[in-house]
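Work through the exercises below with the sequence and the 3D structure at hand. Try each task before reading its solution.

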Amino acid sequence: MSSLTELGLAEARDGLLAKKFSARELAEAHVKAVEASRSLNAYLVETPEKARAMAAASDERIARGEARPLEGLPLAIKDLFCTEGVQTTAGSKILKGFKPPYESTVTAHLWRDGAVMLGKVNMDEFAMGSSNATCAHGHVENPWRRRGDNRPLVPGGSSGGSAAAVAARAALAATGTDTGGSIRQPASFCGIVGLKPTYGRCSRWGIVAFASSLDQAGPMTRSVKDAALMLQSMAGHDPKDSTSADVPVPDFEKALTGDIRGMKIGIPREYRLDGMPAEIEALWQRGIDWIEAAGATPVEVSLTLTKYALPVYYIIAPAEASSNLARYDGVRFGMRVNGETLDDMYEATRAEGFGPEVRRRILIGTYVLSAGYYDAYYLKAQKVRALIAKDFDDAFQHCDALLTPTTPSAAFAIGDKADDPIAMYLNDVFTVTVNLAGLPGISVPAGLSGDGLPLGLQVIGRAFDEETVLRVGGVIEQAAQFKAKPQFIAGAM
Amino acid sequence: MALDKATVARIAALARIRVTEEEQTRLAGELSQILTWIEQLGEVDTSGVEPMASVAHQKLPLRDDKVTDGGIRDKLLANTPSNNPTATSRGFFAVPKVVE
Amino acid sequence: MSLMKGATGEWEVVIGIETHAQVVSNAKLFSGAATAFGAEPNTQVSLVDAAFPGMLPVINKHCVEQAVKTGLGLAAEINLVSVFDRKNYFYADLPAGYQISQYTRPVVGKGTLTIDLPDGSTRDVGITRLHLEQDAGKSLHDQHATQTYVDLNRAGVALMEIVSEPDLRSAEEAGAYVKKLRSILRYLGTCDGNMEEGSLRCDCNVSVRKPGAPYGTRCEIKNVNSIRFVMQAIEYEARRQIEVLEAGGTIRQETRLFDAGRGVTRPMRSKEEAHDYRYFPDPDLLPLELDAAWVEGIKRGLPELPDAKKARFVSHYKLSAYEAGVLADEQASADYFEAVAKGRDAKLAANWVMGDLFGALNKRGVDIAGSPVKAGDLGALLDLISDNTISGRIAKDVFAEMLETGKQPGAIVEAKGLRQVTDTGAIEAAIDAVLAKEQDKVAEYRSGKDKLLGFFVGQVMKATQGKANPGLVNELLKKKLSG
């Protein structure tokens, strides 16, 4: 049965249609895998009954020849997506017990296309973090361990539960969200594929908002083809989201031609950081060799303001978050700590309900928007952001896509960097620029570190050109032949 | 930028998050560190640059003036932690009393 | 210049008014919930209004149009690009912890409003800006001993905040300003101006200074909900500030409420904290971009506004400024008057509409839309007077019956046989009868008591059940009395 959990999304789809196995069998294998993965703490809520019911309905449709694009495929849903009737906490105590009376647009699309829900997966609280160690419900363990070292490692964040579940074969795929790297970085740390689409490609309606101008939902899968398949369902204009792009959704699977001959691939010089580990540098060079061998030309480009992207991000994201999280006040949902006065109640509820990282970011955000500081911080950051976006526009005059490492290191041990917020923030140095410019980016597992941990390469594309991003990502995947598996696989002996 | 305890207290009050004195001290240190790091943005010449309005690549969509929502009171009240069944049964949210 | 007398001399009162006007629309500004007044609590609330996790705003085109229309009605600049900002603060009736408003770039810029003063003069008052924002919900503090109940029906309803320049100089001017603004809004159909229901609320900023001195510290009196209270509150507050200053004190800048029961303003009891709203552009929305041609289209479609209508009534119908002002105050009254005046004596029409009709409607507590007498029927009544079918005196009785029964004047006249007697023969006969009966009085009249004419007229009218044409009675009486 565990062979069913080894399948890719597209493979499983084909297998179901060819009646090699039933959706019930596929769901059952995964329900068991979910149970077996509990030591990772990837799942916050398991929904086996729902999964079985959805799978049964899928079998009926398949039998009638009415299979939809994701019919019967078991998925894990990041706890940031509101799922109707199923607990949604955004990894936070403050939303304890919240059962949304509505379904997010993105997950609604997945169910519309026949997918099956295995449960809600763990994440950094309110998507603020790069290690999934800030969750109120405990940290997630990366199914990978260092060679010869038993210390549990972080899966990355904030979509740490999603990445761990997919890597451990406790889901065929998962949804994630990416605000500064929260899909791509954990994908890199867990050896899977993670795609952040163009801002506006997927609707944000029903996704607990962290930083409105940066958040994007995206697929986390074990192959580039699977990411294309899942994005096809997740994407689409939503009139309930004013920032949702009113553009047609292309056929993403068709984009995977494997042919990148004649393309120019930009290599941004500023991404070569001082003190960058040699193995990251080496991996990047291998990536450049691969795309050259595939007939594309590497071109050096300059993204001059790269080093300022992180500080820009750490002004804008907390500022927006400080406002977005004001609604968590103990009045209409979640937990409440009673108080003598209204303000007492607010203050006590929020102090107890929010974890330290969230509190820290809300305070920073409140500060940078406050009277006297708005111009120096927030306005300045938005100006630099405009320049960063222009950097990309200029670079894309000379190339069709960019190739960079995804992260400056492999997964680190749980507990490392926990006391040093800035060291933690630096995890996102390669990914954050992409959110600031609203562009699509994918991380593809490309190699292993000296310790045997996965490392990813990132492809960045023009706005709404996920097709090129997927195509180049597919070429990298083909060349890398990343067949390594994590030490922990759910259900494996 | 060095933040002092008093500023942390003021910001926490604006954000309606209670912080103990001990936390004020610790946070003053942490936030100062982060803000100092952020201040490197001062190195960038942004004269004449318009702040980014949005990365959304379109104009603000406008919707028709139709009533398409509401009438979902039970759904709205279902998750309330107010613990005041009278208020809930009468259709209200309830909070500690505010004196104006 | 109207100044207030204090103990140490004269003071100038400086007033600016911020008006919150609820936009007439079916649905709310950023959500599809309904806006109707008086619904059961929390039944007109969407997930967006209640700020549930993951909810997003989508703007209502009609609300934008209403704001632009209002701006055009105030002869103001329309900003083709404007931005929505979040105003961040915590309160029970503000579920998101922020209000979507417009701070640095409002949809409407500078304009003008002309106020009409009781002495017939007018003054131009500057409008600083108009912007769109969300209304908050309602907190009910009197439903429970220790808890405040919250109803979010009103949360998210579109408001236009209209800010005047601090150009007003007296409570009277302030009252005239609100009156005119309300009239314009009702003409445009962009706000119903119903102050009792809260669709029009005023925040009055009041300060005082010695003439020629710099502006004094101002206090804001929030949420005044009637024109009368606006004037009372300002009068009281100006007086209060003058007394404080003349006693050697200083004015604390604060927010106050008007206690209508006691006729005083008092400071709001909430914590006196400096409000840092941390405005920033709402990242869930994009800048609002208006098409110049679309704005032009709205401009072309504007109805004739009160000032223009008043001017036309004066020039075309030869009404006095006062009469024109009263009739043009409400579009419905103006339309009614014009329907009656069309092809008839405008003065006669004006007198009947302003006097008899308005009087009757006031008594019944009904507005012109609910008038039991339609314009056409009143016009028909005036025709019967003009062609001498009935006298003006009898017309009043007919009108009273029209109010009661809704019947047409012609039918009432016929049914009651109220046709005026114009047959000189019949009148003469009646006069002869009266004079024969009152020979003493005739003698008195002939010896100089001219005033008795009225008595004789009265007697003849009585004898003819009021139906004799008064003009003819007068004329013939005089003839007969003079011998």
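The model is predicted: local features need pLDDT of at least 70, side-chain atom pairs count only at pLDDT 80 or more, and totals for chains, interfaces and linings use all residues. Residues are numbered from 1 along each chain as its sequence is written, chains are lettered from A and ligands numbered from 1 in the order in which they are written, and side-chain values use heavy atoms, with hydrogens and water left out.

**Exercise 1.** Describe the interface of chain A and chain B.

Solution. Start with contact, meaning heavy atoms within 4.5 Å: 69 residues of chain A touch 49 residues of chain B. Next take the buried area, the accessible area (1.4 Å probe) that two parts lose on being put together, summed over both. Here that area is about 5100 Å², and carbon and sulfur atoms give 69% of it. Then count salt bridges (a side-chain nitrogen of Lys or Arg within 4 Å of a carboxyl oxygen of Asp or Glu). There are six between chain A and chain B. B:Arg16 forms a salt bridge with A:Asp343, with the closest N and O atoms 2.9 Å apart. Finally, find the elements, where helices (H or I, at least four residues) and strands (E, at least two) are DSSP runs, numbered from the N terminus. Several helices of chain A give two or more residues to the side that touches chain B, among them H10 (309-324), H11 (342-353) and H13 (375-395). H13(A) gives the largest share of that side, 11 residues.

**Exercise 2.** Describe the interface of chain B and chain C, and find the strands that join across it.

Solution. The contact takes 37 residues from chain B and 54 residues from chain C. About 4000 Å² is buried between the two chains, 58% of it on carbon and sulfur atoms. The number of salt bridges between chain B and chain C is zero. On the side of chain B that touches chain C, S2(B) gives the most, with four residues. Strands pair if DSSP finds at least two bridges between them; S2(B) and strand S10 (residues 147-151) of chain C run antiparallel and are joined by four bridges.

**Exercise 3.** Which residues of helix H7 (residues 331-341) of chain C are buried, and what covers them?

Solution. Buried means under 20% relative accessible area (1.4 Å probe, protein chains only). In H7(C), the buried residues include C:Ser333, C:Tyr336, C:Phe337 and C:Glu338, together with C:Ala334, C:Val340 and C:Ala341. Their cover includes helix H2 (171-188), helix H5 (306-317) and helix H8 (346-364) of chain C. After H7(C) comes C:Gly343, with a positive phi near 75°.

Terms used. Buried means under 20% relative accessible area, exposed over 50%, partly exposed in between (1.4 Å probe, protein chains only).
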